[in-house]
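This briefing looks at the pockets of one protein model and at the ligand that goes with it. Please view the sequence and the structure first, and then read the points below.

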Amino acid sequence: MTSRVGIIGYPLGHSISPAFQQAAFDELEIDARYETWATPPEELAARVESLRAEDMLGANVTVPHKQAIMPLLDEILPVADSIGAVNTIINREGFLIGANTDAAGFTRSLEQEARFATVRKRALIVGAGGAARAVAFGLAWEGVSELVIVNRTPERASELARDVSEATAAETRGGGLDDIGGSDGVDLIVNCTSMGMAGGPDPEGIPPVEGLLKRGVLVCDLVYNPQQTPLLALARERGARVLGGIGMLVYQGAAAFEFWTDREPPEDIMYSVALKALM
Ligand code: NAP
């Protein structure tokens with residue numbers, strides 16, 4: 001029997017997960033098919049139920065369902081519970097487990113691709129949506145000493161800062177986009193908004209961090225399409241080191257693959273297929 005797994009979101013647009021996940025199954029000669037399941041909110045409960053079938057390995061979950069899907073599952077793993085979002089579902093004989101691999105995907109990308117040692121570093125996160133929550137907890141678990149979170153809607157940043165500081169040792173504060181002023185001297189800046197994303201609400205947008213872009217700072221953009229975002233182009237021009245979002249995407253997907261199959265994911269293959277799919 002061919003196993004199935006897929007991505008649940010709405011609208012799904014052009015997701016590259018199917019390409020690199022299928023390549024991983026094929027590489028390891030696992031008889032499985034990765035499908036695309038565009039699911040409007042009113043069909044979410046039925047979609048989740050369908051995952052209990054014998055041939056289902058599980059699913060990836062993306063916007064706008066990462067939070068709404070949580071009460072429909074049987075168990076939420078502690079990492080996903082802290083972050084407050086699920087991006088991976090694992091089907092264990094009809095019992096559905098919710099996991100979050102975004103935080104690990106991001107910190108893996110930081111270590112693997114930028115060789116960035118997180119312990120005792122100061123970081124600035126722009127954004128307070130689902131991705132920002134994963135990045136904030138990921139950085140705090142990896143030992144950042146100080147975390148500033150700013151967002152267009154300041155209340156969301158303050159709430160995330162409170163959640164992180166209650167659960168971890170990181171000194172954390174939240175505010176609005178104009179509260180970036182006191183962040184001089186940060187080691188790491190992460191754009192977790194959709195500013196700069198092709199086809200998004202503000203494709204030419206750059207978070208208001210221009211004054212912090214300089215040599216010695218690592219600037220990350222979770223946006224992976226385009227690979228060279230307006231923020232990364234400017235950061236590079238100012239002499240900062242840069243890291244795009246493709247690594248996080250591949251490593252969160254690789255961690256999900258491992259949950260579904262209990263096999264070591266062929267990350268190199270996944271990475272090169274993801275790059276090709278983006279081009
Ligand atoms: P989300 O939950 O919808 O959050 C969107 C965030 O962007 C919020 O903080 C929102 O601020 C902010 N924002 C949106 N438009 C803005 C604008 N014009 N000006 C200022 N702020 C704006 O989305 P998400 O899931 O966190 O994803 C955020 C980005 O990360 C997306 O571009 C997504 O593609 C990317 N991402 C990448 C990966 C990866 O693996 N590389 C994984 C997940 C997400 P408000 O709170 O004020 O609305």
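**Pockets and ligand site**

The largest pocket is lined by 50 residues, and those nearest its centre are T62, V63, A131, S194 and M197. The model is a predicted one, and the space taken by the ligand in it is this largest pocket.

**Largest pocket**
- The volume of the largest pocket is about 1,800 Å³, and the elements that give two or more residues to its lining are β3 (56-61), α5, α6 (154-167), α8 and α9 (267-278).
- With four residues, α5 gives the most to this lining, which by class has 25 nonpolar, 18 polar and seven charged residues.

**Ligand**
- There are 23 residues around the ligand, of which A131, N151, T153, R156 and G245 come nearest; by class, this shell has 12 nonpolar, eight polar and three charged residues.
- Oxygen atoms of the ligand lie 2.7 Å from a polar side-chain atom of N151, 2.9 Å from a polar side-chain atom of R152 and 3.2 Å from a polar backbone atom of L249.
- On its own the ligand has 920 Å² of accessible area, of which the protein covers 81%.
- Two or more residues of the shell around the ligand come from each of α5 (130-141) and α8 (246-261).

**Second largest pocket**
- The second largest pocket has a volume of about 170 Å³, and of the 14 residues that line it, V79, N100, T101, A103 and A104 are the closest to its centre.
- Its lining takes two or more residues from each of α3 (78-83), α4 (102-114), α5 and α8, and α4 gives the most, with three residues.
- The residues of this lining divide into nine nonpolar, four polar and one charged.

Terms used: Residues numbered from 1 in each chain as written. Predicted model: local features only at pLDDT ≥ 70, side-chain atom pairs only at ≥ 80, totals over all residues. Heavy atoms only, no water. Near = heavy atom within 4 Å. Polar contact = N/O pair within 3.5 Å; in protein donor to acceptor, adjacent residues only side chain to side chain. Areas by Shrake-Rupley, 256 points an atom, 1.4 Å probe, with all protein chains shown as cover. 1 Å grid on protein atoms, 1.4 Å probe; cavity = no way out; pocket = protein on both sides within 12 Å on 5 of 7 lines; lining within 4 Å. Sits in = over half its atoms within 2 Å of the grid points. Nonpolar A, V, L, I, M, F, W, Y, C, P; charged D, E, K, R; others polar. Points joined across faces, edges and corners; volume = space filled by probe spheres on them.
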